[in-house]
Amino acid sequence: MATRGYCLCKKTTWVFQGNQTWACYCHCDDRRRNCAAPVVAWLGVPIENFEWTGDKPRTYESSKGVFRHFCGICGSPIGFEADHYPGGMHLYAASLENPEDFKPTFHVNKQSKLPWLQMNDNLDAFEGTLLNTPNDPDGYQ
């Protein structure tokens, strides 16, 4: 099964085969500022099952070992890779071809949730990053 996605201008596109590893909401300040959004919806996939199609994205190393991918034409943020998540590609759920099919299963960085944002979904919510949850993929193997 192939899952596809794209940026606002549809020049930078991607595809992955198989299932996603996890799906969540992130409340951390870095993700919010990167997207100018109060919360970001993410999914993780094994990099071995992922490929960029169309124009390759631009990449910005926001801190040592953290790489944010975005369209070089329209600027849409699309993905994220980090040395501390070896073998994984993290994709913005809003970049999915069919984002209505996205089903998050937990929250991370709940300590950073904006106080005015109301989310009444009853999903598990964890302090800290994905690395501090039982959902950590441990290398995407």
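How far is the sulfur of Cys24 from the closest cysteine sulfur, and in which residue does that sulfur lie? In this predicted model, the partner to look at is Cys26, with its sulfur 6.3 Å from that of Cys24, which is too far for a bond. A disulfide, after all, is a covalent bond between the sulfur atoms of two cysteines. Here the cut-off is a pair of sulfur atoms within 2.5 Å, and by this rule the count comes to 0 disulfides. Cys7 is in no disulfide either, with the nearest cysteine sulfur, that of Cys71, sitting 3.6 Å away.

Next comes Trp22, which belongs to strand β3, made up of residues 22–26. Trp22 has a relative accessibility of 6%, so it too counts as buried. Along the sequence, Trp22 and Cys9 are 13 residues apart, while in space their C-alpha atoms are separated by 27 Å.

As for the sheet, strands of this kind pair through backbone hydrogen bonds, either parallel or antiparallel. An open sheet of 3 strands is found here, running in the order β1-β2-β5 with antiparallel pairing. The edges are taken by β1 (2–6) and β5 (50–54), each with a single partner strand, so one side of each has no neighbour in the sheet. On average, and ignoring direction, neighbouring strands of this sheet are turned by 25 degrees against each other. Strand β2, spanning residues 12–17, is joined to the antiparallel β5 by 5 bridges. Within that pairing, Thr12 has Gly54 of β5 as its bridge partner.

Technical notes. Residues numbered from 1 in each chain as written. Predicted model: local features only at pLDDT ≥ 70, side-chain atom pairs only at ≥ 80, totals over all residues. Heavy atoms only, no water. Pairing = 2+ DSSP bridges. Helix = DSSP H or I, 4+ residues; strand = E, 2+ residues; numbered from the N terminus. Axes fitted to C-alpha atoms, helices over the stretch in contact; angles between N-to-C directions. Buried < 20%, exposed > 50% of the residue type's maximum accessible area, 1.4 Å probe, protein only.
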